[in-house]
Amino acid sequence: MTDLATLRRPIRDLPDELVSQIAAGEVVERPASVVRELVDNALDAGATQVTVRLLAGGVRLIAVEDDGNGIPQDELPLALRRHATSKITSLNDLETVATMGFRGEALAAIGSVSDMALLSRPPSQGTAFLLDARSGELRPVARSTGTTVEVKELFFSTPARRKFLKTDATELSHCIEAVRRHALARPDVGFAIWHEGKLVEQWRATFVPGQGTTSDAGDALARRLADVLGQDFVEQSVAVQHRVGGVTVTGRAGLPDAARARADHQYCYVNGRFVRDKVLTHAARNAYEDVLHGHRQPIYALYVEIDPARVDVNVHPTKIEVRFRDSREVHQAVRHAVENALAAPRAAALVEALAAGQSPAA
Ligand code: ADP
Ligand code: MG
């Protein structure tokens with residue numbers, strides 16, 4: 001008979017580093033996850049220009065540079081700590097959170113599976129400081145206002161993870177997609193991506209006036225969509241503008257002819273955050289039901305704005321999924337928004353056809 005008492009091991013607190021590495025398993029899947037988190041942070045810091053530099057698809061180096069409000073020297077070590085954040089202070093804040101981040105996890109997690117350094121200078125500080133996450137060394141460096149986070153040798157300490165990485169070209173394309181998702185939400189911010197010293201993407205900022213009309217915002221979005229996804233996307237889509245109850249849906253929906261074999265040009269945002277959400281994709285799909293046949297995939301970029309208290313963003317470690325308090329309300333709003341947008345050009349074509357003396361069925 002086995003002695004059960006000898007089999008049992010005592011309960012222990014895990015070392016901090018290990019806790020972060022475990023958390024990193026959820027947040028950091030590949031270089032693109034790091035890019036997403038670092039760009040989130042840059043945007044939360046009010047950056048107007050974000051530059052991403054990569055080596056070997058991001059595996060050897062990811063550096064994200066911004067011109068945001070920076071991190072004061074004495075807070076740099078805190079930025080690396082788990083559950084340390086400047087973005088929320090209470091449960092109430094969590095329910096109305098407007099920033100991309102709030103979990104205070106990303107830098108700690110990334111730092112635990114890479115060789116990371118933070119360089120930052122807030123406007124109030126005469127000089128920038130660099131914190132080496134491994135050694136904890138803090139020293140002054142030259143830098144203008146803003147922050148650079150450098151992540152080297154991702155997963156060097158966790159070879160099992162490193163094995164799951166694909167070719168540099170594949171990792172690079174995921175990194176670019178991560179920036180693209182941000183760029184489509186923020187036409188007012190400029191983005192540049194460098195790989196191996198070459199500029200691979202550059203999207204210039206369009207001024208979006210704070211008090212501007214929705215058509216100004218629509219113009220800025222159309223320009224950004226054209227830059228990022230191609231002029232065709234804009235030419236083959238119509239503006240979406242719909243408001244019902246507390247839900248606003250804007251963006252652009254592709255005409256049925258623009259549908260593609262793959263669902264690679266479908267972007268959904270909730271309060272500025274890119275999400276993968278069945279309610280939204282299902283609603284959009286429904287809107288195309290009568291005009292799109294077979295397995296063709298519509299193209300769209302849809303932006304849902306809703307009272308933050310009516311959507312829970314704290315359901316997934318990377319916040320790519322959300323939970324709506326009333327998903328039916330959101331589903332209907334999105335479906336009607338897209339249906340209305342698609343109906344407008346069809347109505348116009350009908351009027352034109354009638355004016356030309358053709359039968360409407362032609
Ligand atoms: P979170 O974004 O959830 O707060 P992070 O681990 O991503 O957690 O970042 C921790 C903190 O470090 C942030 O709350 C913020 O105060 C600071 N920080 C991180 N990146 C930047 C940046 N690029 N500019 C200014 N502050 C930053
Ligand atoms: Mg963050």
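1. A polar contact is a pair of N or O atoms within 3.5 Å; within protein, one must be able to donate a hydrogen and the other to accept it, and residues adjacent in sequence count only if both atoms are side-chain atoms. With that in hand, look at the ligand: a polar backbone atom of Ala106 is 3.3 Å from an oxygen atom of ligand 1. Taken alone, ligand 1 exposes 530 Å², and the protein buries 93% of that (areas by the Shrake-Rupley method with a 1.4 Å probe; for residues, only the protein chains shown count as cover).

2. A word on the model before going on. This is a predicted model, in which local features need pLDDT of at least 70 and side-chain atom pairs count only at pLDDT 80 or more, while totals for chains, interfaces and linings use all residues. Residues are numbered from 1 along each chain as its sequence is written, chains are lettered from A and ligands numbered from 1 in the order in which they are written, and side-chain values use heavy atoms, leaving out hydrogens and water.

3. In E11, 5 of 5 residues are buried (under 20% relative accessible area; exposed is over 50%, partly exposed in between, with a 1.4 Å probe and protein chains only). Gln266, Cys268 and Val270 point one way, Tyr267 and Tyr269 the other. In a regular strand the side chains alternate between the two faces of the sheet.

4. What does E11 pair with in the parallel sense? Its partner is strand E13 (residues 300-305), over 5 bridges (pairing needs at least two DSSP bridges), and Gln266 stands opposite Tyr300 there. E12 runs antiparallel to E11, joined by 2 bridges, with Val270 opposite Arg273.

5. Finally, check the turn. E11 and E12 form a hairpin with 2 residues between them, and Asn271 in the turn has a positive phi of about 50°. Most residues other than glycine have a negative phi. Asn271 is partly exposed, at 26% relative accessible area.

Terms used. Helices (H or I, at least four residues) and strands (E, at least two) are DSSP runs, numbered from the N terminus.
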